[in-house]
Every structure is written in structure tokens, then in C-alpha cells.
Amino acid sequence: MTTIDSAHLRLLTVVPAVLLAGAGVVATVWLTAHLVRYLLADAEIRPALRVGWRIRYTWRRTAMRVGLVQTEHVRPPVWSSRPQTVAVRRELVPAVRVRARRWGAEVDASTIGRLGLAEFQNAAAHLADAWRVPQVRVAQVRPGLVRLRALLVDPLTQPTGWYGHATTVDHLKAWSAGVDADSQPVTIRSSGVSGVVVAGLAGFGKTSLLNARFCQLAPSPAVQFVLIDGKGGPDYDELFRRAWLSAKDDPEQVRDHLVRVHELMTGRQRCIRAVLGVKNVWHLGPSASWPLVVVVIDEAHTFFNESKGTDVESKKRDAVARQTARLVEELVRKGRNVGVQVILATQKATGDAIPTKIRDNCQVAVSFAQRTSEAATAVLGSDITGFPDEHPRRLQDPAYIGVASMVAEGRPGFTLVRTPYVSDATAGRIAADTAALVRDPLRLLADAARADRPGGQDREGGGSFRQEHPAALPASSPPTSGEELRR
């Protein structure tokens, strides 16, 4: 019989004791660090810490229970006693990284096999129950990575304001729309855009979004506005001071203003290469002598509606509506390269409100709360059905006033954005401070064309470059002007 001397016996007992003591020290330090972090955190973050710990330490079990597991059959490892010809079953659970936020827990999960965005979205309600949170939102951050937000408080319900940022070249090329659920800035492409549709239920933030865009652009001499208020109320009264052309709900006046903008567009098309040396103004960017003309038509459906009546007055109104629709269609289709941008705001962007030949040619679409999937699909397209968390039907709660769904620049899919609130007083003050920047783009175009021609002689008859009174058009116009569109 082999005997163990006392030295070896002591070694066999001391080594496990040291290992256990070391493990105990590590566990104590780990628990102490978590406890200290919890005690130092403020009251708002502590619930998020608890949720994060629950998610992290129960993730594997939770994932298997809600079906977020990928099963595969592989050969046993080389050190296994099983024959290599026998396949063994292996269950793969997505790896996660959990971070506590003030609004809840942020979980980044890696995709595996057939476990992608759709599978995580389908499991979101079950995960919310397992994690004991009101809601779990799912979004694709990049290929191979899905982000889950376990929301204790939805950050999108926290209002934000506009703080008077100075206008820069970037504001002309990109629209600062607001912030996302992570408080990161979100932009919409503006460079090379001729049409924007903004839709949503009344009172959910459309006018405030337009006010914010106005406040971003108004201090720039490289922007001129055409402001049209289909409501006919006082919403835009103070802003009209900064507008080249303005109108309320008078269909004929609106039509006449759009004729002038159309004439500007056709005049620019004829001389852009001679004056700027390029075919697209966005290659150089708008300037004070060739400004971006932003045409804002709030409650746009007011001017496209046809009553189909048989009396003389109804036929006259319907003719004006058709002329207006034709003018807007032309501006959206042809105004991109010469710096004309049309923004249409409406409650419902279906074909009976905004003609599809206009709506479907607009490059940018923004939707606030909608009551029906039909209305959301009309403005954002059929792809929105694949993004249930960003669907406008989920924004009908008053807490989401000012939150819109959109395709943001540099982001996959759709993004929910908290747009900044701009008070009427702020917008009015900016309009008053920048009223001196108003210029007539037709006169600017005439001056630029005259300077470009030898001797500075204007073309015979004035063409599209003559100066006009903003209230009305002259009785006669050249064939290339917008007068043909009025007939």
C-alpha cells in the first residue's frame, strides 16, 4: 500500500483551500463593485441596473424559452468518447451585451443562422414579459447585430426643444430632424431633394416640424421661402415676413404663386449652365444669388381636392385644383437640379388627398401618428409593414406628439425621431429678425443672366427673367412661362 507523507498531504489540502479562498475574494470584489455601483447610482438608473442584471444572468434560459436558439447537428469533438460518425445536437444562443440606460436596458445581440431581425421582433412581447418591462423594441443596428431596448420609460416621450443653432452649409444639404431613442441626432437628406411629404394626424407635430425647418434655414441668405397655409388660420402670419411669396387658403392666389415659382424653375433650367457652369446647383450649393427656394404647402390636400360638382362655381374650383396639381407635379419632377424644393404637409397622404403622381415622386417622406395602416403605407411605402416598432399606428398616444417615423440618412430601415418643439414666439422672432433677407429670385435670376451676357443686355421681351408684382401676373406671358399651365 502506498503511503502519503505529511508534506504531500498538507499540499493536497492547502491548494484547494487557496483556490477556494481566491475564488471567494474574486466573488466578494465582484459583488462589492456591483453593490457600490448600485448605491452610487441615482434613483432613475437603479431600476435599469436591476433589469440589466436580470437580463444578463438569465439570458440563456430566457432565449431558449422564447425560441431564440439555433439548433444544429455536428460531429463530436475529437476528445469525446463518442464515435466521429455519430452526429451530436448543439444549441446555440445569441451572444449579448447588456448596458443600463436611464430609460431601461440596451441589449446588443449577435445574429446566428436563421435568427435575425424578424425572429427577435416576433419574440419581443415574450421578452418583455420575461424581463418584466412594459415594452421591448427591436432594431437592426448593422448586419449581424440586433439592438433590443427594454424600456422602463420610453425616451421618445421626453420633449425636446430647438435651441437656435446657426444655419450652416450642412443645414442646406441635410435636414436636422431631431433625435432618436438614444438621443443621437438624426438627419434627412435635403441636397438634391425636390419633394418632401409630411403626413400625420392633426395636432401631432407636423406644423412644429415645419417651423423647426424654417428656423434652421431662415437666417441664411441662400434660402427664399414660399409659404402657403391651407388652414387659413393665423399659424403662419408671423412667418410670412420672411417669405418671398405667401398665401392662405385662397386657391386662385396659391395657383398664381405656383405659376411664378414654375416660371422661375423654367428660367433657371434654361440658363443654369451659362450662369453657374454646372447642370446641377447642388454641385456648388445654393448661394445668395441663386438661392434654394423652399415651397411649403401646409394642409396641401386643400388645394388638390375636386368637388366634381356640375355648377359653374364648382367647375371653376375644380379647374384651379387641376392646375395647382399640375404645377406642383412639375416642380417636384423638374425642380431638383435648379434648387426648388416642395414640402407638402397633409393629414393623410392617400391618393384621394395627394395625387399619387406627386406623392410618389417625392424623395423624402415623414409620418407622424396615423390611425390606419393604409395611411401609413401611403406616405412611407409598403416597407413600413416590416417594421412594427416604427409603425406610425403605434404613435397615437398623446405622449408621442412630436414623434415621427422616417427613413433617416445613413440608417437602415425606419427610425423613430423626436422632433424639436419650436414655439410660435421663437419662430416669429426669427422671421422678424431675418425679414431683411427676403429677395425676389426672379430678379436675382434676371441680374445673373444679364451679367452673363456680353454688354449686359436683357433678352427681348424679358422672357422669364422680368420682375413682377407678387400679387398677380401680367396679362401676357411668353410661351415658356407658367401661364400655359393656367389655361
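Visitor: Hi! Which residue does alanine 105 stand opposite in E6?

Guide: Alanine 105 stands opposite alanine 150 in E6. Keep in mind that this is a predicted model.

Visitor: Thanks. How many bridges are there between E4 and E6, and in what sense do they pair?

Guide: There are 7 bridges, and the pairing is antiparallel. Strand E4 covers residues 104-110, and strand E6 covers residues 145-151.

Visitor: What sheet are those strands part of, and in what order do its strands come?

Guide: They belong to an open sheet of 4 strands, ordered E3-E4-E6-E5, with antiparallel pairing. The edges are taken by strand E3 (96-101) and strand E5 (135-142). Each of these has a single partner strand, so one side of each has no neighbour in the sheet.

Visitor: And how far are neighbouring strands turned against each other on average?

Guide: By 20° on average, direction ignored.

Visitor: Which strands does helix H2 lie across?

Guide: Helix H2, residues 46-66, lies across E3, E4 and E6. H2 runs at about 170° to E3.

Visitor: What about H4, which strands does that one touch?

Guide: Helix H4 (residues 124-131) packs on the sheet and touches E4, E5 and E6. The direction of H4 makes about 125° with that of E5.

Visitor: Switching topic: which residues of H12 are buried?

Guide: In helix H12, residues 424-433, the buried ones include Ala427, Gly428, Ile430 and Ala431. Looking down the axis of H12, the buried residues fall within an arc of 165°, so they line one face of the helix.

Visitor: Why would residues three or four places apart point the same way in an α-helix?

Guide: Because an α-helix has 3.6 residues a turn.

Visitor: Nice. What does the buried side of H12 pack against, then?

Guide: The buried residues of H12 pack against helix H6 (206-217). On the face turned away from that buried side, H12 carries the exposed residues Ala425 and Asp433.

Visitor: One more place to look: arginine 359. Where is that, and is the residue buried or exposed?

Guide: Arginine 359 sits in helix H10, residues 356-359. The residue counts as buried because its relative accessible area is 14%, and the cut-off for buried is under 20%.

Visitor: Which backbone oxygens lie by polar atoms of its side chain?

Guide: The backbone oxygen of alanine 349 lies 2.9 Å from a polar atom of the arginine 359 side chain. For the backbone oxygen of alanine 378, the distance to a polar atom of that side chain is 3.3 Å.

Conventions:
Residues are numbered from 1 along each chain as its sequence is written. This is a predicted model: local features need pLDDT of at least 70, side-chain atom pairs count only at pLDDT 80 or more; totals for chains, interfaces and linings use all residues. Side-chain values use heavy atoms; hydrogens and water are left out. Helices (H or I, at least four residues) and strands (E, at least two) are DSSP runs, numbered from the N terminus. Buried means under 20% relative accessible area, exposed over 50%, partly exposed in between (1.4 Å probe, protein chains only). A polar contact is a pair of N or O atoms within 3.5 Å; within protein, one must be able to donate a hydrogen and the other to accept it, and residues adjacent in sequence count only if both atoms are side-chain atoms. The arc is that of the directions from the helix axis to the C-beta atoms. Contact means heavy atoms within 4.5 Å. Two strands pair if DSSP finds at least two bridges between them. Axes are lines fitted to C-alpha atoms, for helices over the stretch in contact, and angles run from 0 to 180 degrees between N-to-C directions.
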